[in-house]
Amino acid sequence: MSIRFDNRVAIVTGAGNGLGRAHALLLASRGAKVVVNDPGGAVDGRPINTGGGDHAAADRVVAEIKAAGGQAVPNYDSVADPKSAANIVKTAVDSFGTVDIVVNNAGVLRDKTFHNMTAEDFDFVVKVHFLGTAYVTHAAWPILRAKAYGRVVVTSSNSGIYGTFGQANYGGAKLAVVGFMNALRLEGQKYNIFINALAPVAATRMTESLMTPEVLDKLRPEYVSPMVAYLCSEQCQRTGDIWSAGAGTFARIEYREAEGVRIAGRAPTIEDVAANIEKIADVSASRVFRTSSEEVQAVVSG
Ligand code: NAI
(Lines give C-alpha, C1' and ligand atoms only; values in the text may rest on other atoms or scores of the structure.)
Protein backbone atom coordinates (compact mmCIF):
# COMPACT_ATOMS: atom_id res chain seq x y z
CA MET A 1 0.00 0.00 0.00
CA SER A 2 1.52 3.31 -0.98
CA ILE A 3 1.48 6.16 1.52
CA ARG A 4 -0.22 9.28 0.18
CA PHE A 5 -0.97 12.82 1.27
CA ASP A 6 -3.94 13.67 -0.98
CA ASN A 7 -6.01 16.50 0.51
CA ARG A 8 -3.28 17.22 3.04
CA VAL A 9 -1.62 20.63 3.26
CA ALA A 10 2.01 20.70 4.31
CA ILE A 11 4.28 23.56 5.32
CA VAL A 12 7.98 22.88 4.90
CA THR A 13 10.18 25.67 6.27
CA GLY A 14 13.56 26.32 4.71
CA ALA A 15 12.43 24.26 1.72
CA GLY A 16 14.47 26.17 -0.87
CA ASN A 17 17.59 24.04 -0.44
CA GLY A 18 18.99 20.78 0.88
CA LEU A 19 16.82 18.66 3.12
CA GLY A 20 13.76 20.93 3.07
CA ARG A 21 13.68 20.82 -0.72
CA ALA A 22 13.86 17.00 -0.67
CA HIS A 23 11.06 16.78 1.95
CA ALA A 24 8.85 19.16 -0.07
CA LEU A 25 9.42 17.28 -3.34
CA LEU A 26 8.60 13.92 -1.76
CA LEU A 27 5.44 15.13 0.01
CA ALA A 28 4.23 16.86 -3.16
CA SER A 29 4.98 13.78 -5.29
CA ARG A 30 2.57 11.85 -3.02
CA GLY A 31 -0.26 14.35 -3.37
CA ALA A 32 0.36 16.93 -0.62
CA LYS A 33 -0.26 20.61 -1.32
CA VAL A 34 2.95 22.22 -0.15
CA VAL A 35 3.91 25.67 1.10
CA VAL A 36 7.56 25.99 0.13
CA ASN A 37 8.85 28.47 2.69
CA ASP A 38 12.27 30.05 2.25
CA PRO A 39 13.44 33.65 2.53
CA GLY A 40 16.70 32.70 0.78
CA GLY A 41 20.07 33.73 2.12
CA ALA A 42 23.42 32.16 2.82
CA VAL A 43 24.17 29.30 5.22
CA ASP A 44 24.79 31.86 7.98
CA GLY A 45 21.43 33.51 7.29
CA ARG A 46 22.96 36.63 5.74
CA PRO A 47 21.50 37.82 2.42
CA ILE A 48 23.02 36.66 -0.85
CA ASN A 49 22.30 37.94 -4.29
CA THR A 50 21.36 34.83 -6.21
CA GLY A 51 20.39 36.54 -9.46
CA GLY A 52 16.70 35.89 -8.94
CA GLY A 53 16.96 37.72 -5.61
CA ASP A 54 16.33 36.00 -2.32
CA HIS A 55 13.04 34.57 -3.61
CA ALA A 56 14.88 32.34 -6.04
CA ALA A 57 15.35 29.39 -3.66
CA ALA A 58 11.65 28.92 -2.89
CA ASP A 59 10.60 29.74 -6.46
CA ARG A 60 12.91 27.08 -7.90
CA VAL A 61 11.45 24.34 -5.70
CA VAL A 62 7.87 25.40 -6.44
CA ALA A 63 8.70 25.23 -10.17
CA GLU A 64 10.19 21.74 -9.72
CA ILE A 65 7.07 20.53 -7.90
CA LYS A 66 4.75 21.99 -10.52
CA ALA A 67 6.83 20.57 -13.38
CA ALA A 68 6.35 17.12 -11.82
CA GLY A 69 2.56 17.68 -11.69
CA GLY A 70 2.36 18.61 -8.00
CA GLN A 71 0.83 21.54 -6.15
CA ALA A 72 2.89 24.13 -4.29
CA VAL A 73 3.07 27.82 -3.45
CA PRO A 74 6.11 29.80 -2.35
CA ASN A 75 6.38 31.81 0.86
CA TYR A 76 9.36 34.05 1.61
CA ASP A 77 8.82 34.87 5.28
CA SER A 78 11.35 34.18 8.00
CA VAL A 79 10.44 31.67 10.69
CA ALA A 80 12.43 33.74 13.19
CA ASP A 81 9.77 36.32 13.99
CA PRO A 82 6.26 35.61 15.34
CA LYS A 83 4.48 37.80 12.76
CA SER A 84 6.30 36.50 9.71
CA ALA A 85 6.03 32.93 11.03
CA ALA A 86 2.26 33.40 11.32
CA ASN A 87 2.25 34.61 7.73
CA ILE A 88 3.70 31.25 6.61
CA VAL A 89 0.67 29.54 8.12
CA LYS A 90 -1.61 32.20 6.60
CA THR A 91 -0.15 31.39 3.17
CA ALA A 92 -1.22 27.75 3.66
CA VAL A 93 -4.73 28.75 4.72
CA ASP A 94 -5.16 31.38 1.98
CA SER A 95 -3.83 29.09 -0.76
CA PHE A 96 -5.10 25.68 0.28
CA GLY A 97 -7.70 26.29 3.04
CA THR A 98 -5.95 24.66 6.00
CA VAL A 99 -2.78 23.08 7.32
CA ASP A 100 -2.25 19.44 8.34
CA ILE A 101 1.52 19.01 8.36
CA VAL A 102 4.31 21.26 9.63
CA VAL A 103 7.90 20.33 8.88
CA ASN A 104 10.15 22.69 10.84
CA ASN A 105 13.35 22.41 8.84
CA ALA A 106 14.72 25.97 8.41
CA GLY A 107 18.25 26.35 9.67
CA VAL A 108 21.40 28.43 9.72
CA LEU A 109 24.95 28.04 11.00
CA ARG A 110 27.17 30.54 12.84
CA ASP A 111 29.96 28.23 13.99
CA LYS A 112 32.69 29.55 16.27
CA THR A 113 34.45 28.33 19.36
CA PHE A 114 32.55 29.51 22.42
CA HIS A 115 35.17 32.04 23.45
CA ASN A 116 34.90 33.70 20.03
CA MET A 117 31.12 33.48 19.76
CA THR A 118 29.22 36.74 20.08
CA ALA A 119 25.86 37.13 21.78
CA GLU A 120 24.46 37.99 18.35
CA ASP A 121 25.69 34.64 16.93
CA PHE A 122 23.89 32.94 19.78
CA ASP A 123 20.65 34.89 19.51
CA PHE A 124 20.42 34.49 15.76
CA VAL A 125 20.90 30.72 15.72
CA VAL A 126 18.52 30.17 18.64
CA LYS A 127 15.95 32.41 16.95
CA VAL A 128 15.93 30.53 13.67
CA HIS A 129 16.13 26.96 15.00
CA PHE A 130 14.30 27.03 18.30
CA LEU A 131 12.08 30.11 18.31
CA GLY A 132 11.37 29.70 14.60
CA THR A 133 10.12 26.16 15.26
CA ALA A 134 8.01 27.43 18.16
CA TYR A 135 6.57 30.41 16.23
CA VAL A 136 5.52 28.45 13.14
CA THR A 137 4.11 25.55 15.16
CA HIS A 138 2.33 27.99 17.50
CA ALA A 139 0.60 29.68 14.56
CA ALA A 140 -0.50 26.31 13.14
CA TRP A 141 -1.50 24.77 16.48
CA PRO A 142 -5.04 26.24 16.82
CA ILE A 143 -5.87 24.93 13.34
CA LEU A 144 -4.51 21.44 14.07
CA ARG A 145 -6.31 21.36 17.43
CA ALA A 146 -9.61 22.49 15.93
CA LYS A 147 -9.50 19.81 13.25
CA ALA A 148 -8.11 17.20 15.66
CA TYR A 149 -5.39 16.20 13.23
CA GLY A 150 -1.80 17.18 12.82
CA ARG A 151 1.66 15.90 12.09
CA VAL A 152 4.60 18.05 13.17
CA VAL A 153 8.29 17.42 12.66
CA VAL A 154 11.05 19.37 14.40
CA THR A 155 14.60 19.15 13.12
CA SER A 156 17.16 18.37 15.77
CA SER A 157 20.75 17.32 15.14
CA ASN A 158 23.42 14.93 16.31
CA SER A 159 25.27 18.16 17.14
CA GLY A 160 22.80 18.90 19.95
CA ILE A 161 22.31 15.26 20.94
CA TYR A 162 25.97 14.21 20.98
CA GLY A 163 28.03 17.40 20.61
CA THR A 164 30.09 19.15 17.94
CA PHE A 165 33.09 21.40 18.56
CA GLY A 166 32.31 25.02 17.66
CA GLN A 167 28.52 24.66 17.77
CA ALA A 168 27.51 25.78 21.26
CA ASN A 169 24.78 28.00 19.78
CA TYR A 170 23.57 25.46 17.22
CA GLY A 171 23.81 22.43 19.53
CA GLY A 172 21.88 24.21 22.25
CA ALA A 173 19.14 25.28 19.85
CA LYS A 174 18.92 21.79 18.33
CA LEU A 175 18.29 20.16 21.67
CA ALA A 176 15.84 22.91 22.64
CA VAL A 177 13.50 21.65 19.92
CA VAL A 178 13.52 18.21 21.58
CA GLY A 179 12.37 19.72 24.89
CA PHE A 180 9.71 21.61 22.93
CA MET A 181 8.57 18.36 21.29
CA ASN A 182 8.39 16.54 24.63
CA ALA A 183 5.80 19.01 25.93
CA LEU A 184 3.79 19.11 22.71
CA ARG A 185 3.68 15.32 22.58
CA LEU A 186 1.68 15.40 25.80
CA GLU A 187 -0.47 18.37 24.83
CA GLY A 188 -1.19 17.23 21.29
CA GLN A 189 -1.91 13.56 21.79
CA LYS A 190 -5.62 13.81 22.58
CA TYR A 191 -6.11 15.99 19.49
CA ASN A 192 -4.40 13.42 17.27
CA ILE A 193 -1.50 15.81 16.78
CA PHE A 194 1.72 13.81 16.66
CA ILE A 195 5.12 15.41 16.83
CA ASN A 196 8.52 13.85 16.25
CA ALA A 197 12.12 15.00 16.00
CA LEU A 198 14.46 14.28 13.12
CA ALA A 199 18.23 14.01 13.54
CA PRO A 200 19.37 13.99 9.91
CA VAL A 201 22.71 13.52 8.25
CA ALA A 202 22.86 14.77 4.67
CA ALA A 203 25.12 16.34 2.10
CA THR A 204 23.90 19.91 1.76
CA ARG A 205 25.56 23.30 1.55
CA MET A 206 25.68 23.11 5.37
CA THR A 207 27.89 20.03 5.39
CA GLU A 208 29.55 19.85 1.95
CA SER A 209 32.86 21.31 3.17
CA LEU A 210 33.11 18.77 6.01
CA MET A 211 33.21 15.50 4.03
CA THR A 212 34.84 13.81 1.03
CA PRO A 213 32.91 13.53 -2.27
CA GLU A 214 32.54 9.73 -1.77
CA VAL A 215 30.91 10.19 1.63
CA LEU A 216 28.76 13.05 0.40
CA ASP A 217 27.41 10.85 -2.40
CA LYS A 218 26.05 8.39 0.19
CA LEU A 219 24.36 11.21 2.08
CA ARG A 220 21.81 12.46 -0.40
CA PRO A 221 19.05 14.54 1.24
CA GLU A 222 16.41 12.39 -0.48
CA TYR A 223 17.67 9.41 1.57
CA VAL A 224 16.44 11.24 4.71
CA SER A 225 13.04 12.42 3.46
CA PRO A 226 11.19 9.04 3.62
CA MET A 227 11.55 9.20 7.41
CA VAL A 228 10.08 12.70 7.49
CA ALA A 229 7.26 11.80 5.12
CA TYR A 230 6.39 8.73 7.20
CA LEU A 231 6.27 10.86 10.36
CA CYS A 232 3.92 13.22 8.49
CA SER A 233 1.57 10.45 7.38
CA GLU A 234 -1.75 9.28 8.79
CA GLN A 235 -0.16 5.84 9.08
CA CYS A 236 2.33 7.13 11.64
CA GLN A 237 1.00 6.60 15.16
CA ARG A 238 4.27 7.35 16.94
CA THR A 239 4.79 10.60 18.75
CA GLY A 240 7.50 12.19 20.84
CA ASP A 241 10.46 10.26 19.49
CA ILE A 242 13.81 11.27 18.02
CA TRP A 243 14.69 9.62 14.70
CA SER A 244 18.12 9.49 13.17
CA ALA A 245 18.13 9.32 9.36
CA GLY A 246 20.95 9.46 6.85
CA ALA A 247 22.59 7.43 4.07
CA GLY A 248 19.64 5.02 4.13
CA THR A 249 20.11 4.22 7.83
CA PHE A 250 17.13 4.89 10.11
CA ALA A 251 17.23 4.52 13.88
CA ARG A 252 15.36 5.76 16.94
CA ILE A 253 17.40 7.63 19.53
CA GLU A 254 16.46 7.38 23.19
CA TYR A 255 17.67 8.72 26.53
CA ARG A 256 18.29 6.32 29.34
CA GLU A 257 18.86 6.88 33.03
CA ALA A 258 21.11 4.72 35.21
CA GLU A 259 19.56 2.83 38.07
CA GLY A 260 21.92 4.85 40.18
CA VAL A 261 22.49 4.77 43.92
CA ARG A 262 20.09 5.62 46.72
CA ILE A 263 21.37 6.97 50.03
CA ALA A 264 18.48 6.26 52.39
CA GLY A 265 17.68 7.15 55.99
CA ARG A 266 20.00 10.17 56.23
CA ALA A 267 20.98 13.28 54.27
CA PRO A 268 23.41 12.41 51.47
CA THR A 269 26.84 14.05 51.54
CA ILE A 270 29.34 15.13 48.93
CA GLU A 271 31.47 12.18 50.01
CA ASP A 272 28.56 9.79 49.27
CA VAL A 273 28.54 11.12 45.73
CA ALA A 274 32.32 10.83 45.44
CA ALA A 275 32.38 7.28 46.80
CA ASN A 276 29.64 6.14 44.40
CA ILE A 277 30.35 8.17 41.28
CA GLU A 278 31.18 5.15 39.09
CA LYS A 279 27.99 3.37 40.11
CA ILE A 280 25.92 6.55 39.68
CA ALA A 281 27.35 6.86 36.17
CA ASP A 282 26.94 3.19 35.23
CA VAL A 283 24.11 2.82 32.72
CA SER A 284 24.54 -0.92 32.18
CA ALA A 285 21.28 -1.27 34.13
CA SER A 286 19.16 1.63 32.98
CA ARG A 287 15.61 2.86 32.70
CA VAL A 288 13.70 4.80 30.08
CA PHE A 289 11.07 7.36 31.11
CA ARG A 290 8.36 8.84 28.93
CA THR A 291 7.39 11.83 31.09
CA SER A 292 9.10 13.97 33.71
CA SER A 293 6.61 12.82 36.36
CA GLU A 294 7.50 9.15 35.68
CA GLU A 295 11.13 10.06 36.32
CA VAL A 296 10.36 12.03 39.49
CA GLN A 297 8.31 9.13 40.82
CA ALA A 298 11.19 6.71 40.20
CA VAL A 299 13.69 9.07 41.83
CA VAL A 300 11.50 9.47 44.91
CA SER A 301 10.76 5.78 45.29
CA GLY A 302 14.40 4.80 44.62
P1 NAI B 1 20.48 24.22 3.95
O2 NAI B 1 21.29 25.42 4.27
O3 NAI B 1 20.66 23.57 2.62
O4 NAI B 1 18.94 24.52 4.13
C5 NAI B 1 18.43 25.33 5.16
C6 NAI B 1 17.39 26.24 4.58
O7 NAI B 1 16.80 27.02 5.63
C8 NAI B 1 17.96 27.22 3.57
O9 NAI B 1 17.28 27.11 2.34
C10 NAI B 1 17.76 28.58 4.21
O11 NAI B 1 17.51 29.63 3.28
C12 NAI B 1 16.56 28.32 5.10
N13 NAI B 1 16.44 29.31 6.17
C14 NAI B 1 17.44 29.90 6.86
N15 NAI B 1 16.95 30.80 7.71
C16 NAI B 1 15.59 30.78 7.58
C17 NAI B 1 14.53 31.48 8.19
N18 NAI B 1 14.76 32.41 9.13
N19 NAI B 1 13.25 31.19 7.81
C20 NAI B 1 13.01 30.24 6.87
N21 NAI B 1 13.99 29.56 6.24
C22 NAI B 1 15.26 29.82 6.59
O23 NAI B 1 20.80 23.15 5.10
P24 NAI B 1 20.24 21.66 5.37
O25 NAI B 1 21.41 20.83 5.67
O26 NAI B 1 19.28 21.26 4.33
O27 NAI B 1 19.49 21.89 6.76
C28 NAI B 1 18.10 21.64 6.97
C29 NAI B 1 17.88 21.39 8.44
O30 NAI B 1 18.51 20.18 8.84
C31 NAI B 1 18.45 22.48 9.33
O32 NAI B 1 17.58 22.69 10.42
C33 NAI B 1 19.74 21.87 9.81
O34 NAI B 1 20.18 22.45 11.03
C35 NAI B 1 19.33 20.43 9.96
N36 NAI B 1 20.43 19.48 10.00
C37 NAI B 1 21.16 19.21 8.87
C38 NAI B 1 22.16 18.27 8.92
C39 NAI B 1 22.92 17.87 7.71
O40 NAI B 1 23.70 16.89 7.80
N41 NAI B 1 22.74 18.53 6.58
C42 NAI B 1 22.55 17.61 10.17
C43 NAI B 1 21.69 17.92 11.28
C44 NAI B 1 20.68 18.84 11.18
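**Entry 1: domains**

Into which domains is the protein divided? I looked this up before anything else, keeping in mind that the model is predicted. I found domain 1 at 9-253 and domain 2 at 257-301. I then checked the spacing: the C-alpha centres of domain 1 and domain 2 lie 36 Å apart.

**Entry 2: H4 against H6**

Next I turned to helix packing. Helix H4 covers residues 119-147 and helix H6 covers residues 168-188; I read an angle of about 20° between them, with their axes 8 Å apart. Angles under 35 degrees count as roughly parallel, so H4 is roughly parallel to H6. I noted a right-handed crossing where H4 passes H6.

I listed who makes the contact. From H4 come Asp-121, Phe-122, Val-125, Val-126, His-129, Phe-130, Thr-133, Ala-134, Thr-137 and Trp-141. From H6 come Ala-168, Asn-169, Tyr-170, Ala-173, Lys-174, Ala-176, Val-177, Phe-180, Leu-184, Glu-187 and Gly-188. Sorting the residues of this contact, I got 13 nonpolar, five polar and three charged.

**Entry 3: two residues from that contact**

Is Thr-137 buried or exposed? I found Thr-137 in helix H4, and Thr-137 is buried, with a relative accessible area of 2%. Leaving aside neighbours within four places in sequence, I saw Thr-137 in contact with Asn-104, Val-152, Phe-180 and Leu-184.

Ala-176 is partly exposed, with a relative accessible area of 24%. I checked Ala-176 against Ser-156 too: they are 20 residues apart in sequence, and their C-alpha atoms are 8.3 Å apart in space.

**Entry 4: H3 against H4**

At what angle do helix H3 and H4 pack? I read about 45° for H3 (residues 82-96) and H4, with their axes 8 Å apart. H3 and H4 are therefore oblique to each other. H3 passes H4 in a right-handed crossing.

On the H3 side I wrote down Pro-82, Ala-85, Ala-86, Ile-88, Val-89 and Val-93. On the H4 side I have Tyr-135, Val-136, Ala-139, Ala-140 and Ile-143. The residues of this contact divide into eleven nonpolar, no polar and no charged.

**Entry 5: Asn-75**

I moved on to strand S3 (residues 71-75), where Asn-75 has its place. Asn-75 is buried, with a relative accessible area of 3%. Not counting residues up to four places away in sequence, Asn-75 touches Val-35, Val-36, Asn-37, Asp-38, Ala-58, Asn-87, Ile-88 and Thr-91.

Most residues other than glycine have a negative phi.

Where is Asn-7 placed? I found Asn-7 in the segment before strand S1 (9-12). Its phi is near 65°, a positive value. Asn-7 is exposed, with a relative accessible area of 64%.

Asn-192 sits in the loop between H6 and strand S6 (193-200). I read a phi near 60° for Asn-192, again a positive value. At 26% relative accessibility, Asn-192 counts as partly exposed.

Key. Residues are numbered from 1 along each chain as its sequence is written. This is a predicted model: local features need pLDDT of at least 70, side-chain atom pairs count only at pLDDT 80 or more; totals for chains, interfaces and linings use all residues. Side-chain values use heavy atoms; hydrogens and water are left out. Axes are lines fitted to C-alpha atoms, for helices over the stretch in contact, and angles run from 0 to 180 degrees between N-to-C directions. Helices (H or I, at least four residues) and strands (E, at least two) are DSSP runs, numbered from the N terminus. Angles under 35 degrees count as roughly parallel, over 145 as roughly antiparallel, 65 to 115 as roughly perpendicular and the rest as oblique. A crossing is left-handed if the near helix is turned anticlockwise from the far one by less than a right angle, and right-handed if clockwise. Contact means heavy atoms within 4.5 Å. Ala, Val, Leu, Ile, Met, Phe, Trp, Tyr, Cys and Pro count as nonpolar, Asp, Glu, Lys and Arg as charged, and the others, Gly among them, as polar. Domain bounds come from an automatic or database domain assignment. Buried means under 20% relative accessible area, exposed over 50%, partly exposed in between (1.4 Å probe, protein chains only).
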